[in-house]
Amino acid sequence: MILKREHFDEKQAQLYDVIIAGGGAGGLSAAVYLARYNLKVLVIEKGRGRSFWMQDLWNYVPRVVSGKELIEGGKEMALHYGADWLNGFVEAVTDTGEEFQVRVKYRFKNSDYPVFRAKYLIAATGLMDVLPQLENMQNVYEYAGYNLHVCLICDGYEMTNRRAALIAGSEKAINTAFVLNWFTPYITVLTLGAYPVGDEMRAKLADHGYPLIEKPIARFLGKDHVMDGIEFADGTSIKVDTGLISMGSIRHDGYLKNLDLLTDGGDIVTEYDCRTSHPRVFALGDLKKGLNQVSIAVADGTLAATAIWKEIRRASAPRKWTAPLQEAAARAEESARPEISLGAPRGG
Ligand SMILES: Cc1cc2nc3c(=O)[nH]c(=O)nc-3n(C[C@H](O)[C@H](O)[C@H](O)COP(=O)(O)OP(=O)(O)OC[C@H]3O[C@@H](n4cnc5c(N)ncnc54)[C@H](O)[C@@H]3O)c2cc1C
């Protein structure tokens with residue numbers, strides 16, 4: 001069910017098996033599995049995460065869908081199988097040793113701060129790509145995620161043989177040009193004038209024939225979500241067919257601080273089944289170390305949910321089914337009697 005204020009008292013009193021922070025690709029996959037393992041699960045989702053911005057989900061079978069379709073379909077499925085869902089922002093998690101207490105901000109105005117409890121926590125809150133900060137951010141949102149891409153693995157193919165602008169957030173990020181050139185030779189590198197570029201990198205770009213433009217962007221040009229050029233602060237402009245933003249990302253992991261999880265370069269380190277350095281915390285998808293793709297996040301959800309089910313199942317009393325089996329046998333015997341009495345009279 002979708003939780004509203006009137007459900008909070010009842011739901012705060014119960015102990016969930018699992019609380020999932022984040023209802024994107026990974027969190028939804030875990031929710032569906034957990035609900036179908038007949039476990040009590042709550043998904044908490046703030047809205048407008050990374051999957052939401054995917055206009056086309058490539059490299060995923062059986063067909064291309066939008067991120068919104070993926071989220072709506074997954075949410076509907078999780079609810080159908082009995083998961084609870086809360087539209088809210090996970091602010092903090094406390095581990096009492098026995099359970100996790102998950103504090104949520106519910107609603108931006110007239111906020112409530114309910115605390116829900118669970119045996120296990122799944123962190124599936126992903127990350128968000130850093131975008132160029134222009135005066136008019138609407139102009140950026142008009143094209144970002146359409147033909148102004150943020151993911152080379154996802155959208156490199158879409159850029160094949162197109163005139164591409166690479167917007168690099170650091171000198172290191174300029175190296176993306178030498179991967180993007182797998183798909184297209186027509187690359188212009190933009191630094192927004194935000195950092196100096198060393199002689200070695202300049203020489204490498206010149207050697208490949210990639211122009212370097214080091215001035216701030218004023219706005220993206222185009223219409224109907226199709227970018228076809230970039231205008232700079234000095235009034236000059238270039239024509240392009242596509243773009244790739246490589247400016248890093250921000251992890252949605254603030255609520256995990258108290259748990260002191262093992263990380264590597266900021267990514268949460270997990271075992272094969274997505275278990276973190278805390279035995280009752282699992283991390284999925286973009287938040288953890290590994291490839292940032294929907295297929296990976298979805299598979300992570302499968303692994304984490306199944307590992308948790310296995311553990312809860314093994315800790316539960318054995319299900320011998322003695323009483324139900326005896327009852328079923330008694331019922332079968334009962335229903336068999338009239339048939340016998342309907343047959344030919346004995347000894348007749
Ligand atoms: C424009 C774009 C195009 C892409 N194209 C592709 C593609 O074609 N193919 C592909 O495989 N991948 C693609 N990706 C990458 C893909 O979106 C991610 O790899 C995938 O969504 C990761 O899943 P996730 O569950 O880890 O994170 P997400 O899907 O980002 O889910 C995390 C969820 O957590 C929520 N959240 C965050 N913080 C909190 C909080 N504190 N409390 C509550 N909720 C919170 C967010 O709102 C979000 O819904 C694309 C990404 C972008 C941005």
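Author: Contact means that heavy atoms lie within 4.5 Å. This is a predicted model, in which local features need pLDDT of at least 70, side-chain atom pairs count only at pLDDT 80 or more, and totals for chains, interfaces and linings use all residues. Residues are numbered from 1 along each chain as its sequence is written, and side-chain values use heavy atoms, with hydrogens and water left out.

Reader: With which residues is I122 in contact, leaving aside its neighbours within four places in sequence?

Author: The partners of I122 are V18, I19, I20, A21, A30, L34, F282, L284, A304 and I308.

Reader: Why is K105 called partly exposed?

Author: Buried means under 20% relative accessible area and exposed means over 50%, with partly exposed in between (1.4 Å probe, protein chains only). K105 has a relative accessible area of 21%, and is therefore partly exposed.

Reader: What does K105 touch, not counting residues up to four places away in sequence?

Author: K105 touches G88, F89, E91, S111, D112 and Y113.

Reader: Where is K105 placed?

Author: K105 is in strand 5, residues 100-105. Strands (E, at least two residues) and helices (H or I, at least four) are DSSP runs, numbered from the N terminus.

Reader: What makes strand 9 and strand 10 a pair?

Author: Two strands pair if DSSP finds at least two bridges between them. Four bridges join strand 9 (residues 164-168) to strand 10 (residues 187-190), so the two strands pair; they run parallel. As one example, L166 has V189 in strand 10 as its bridge partner.
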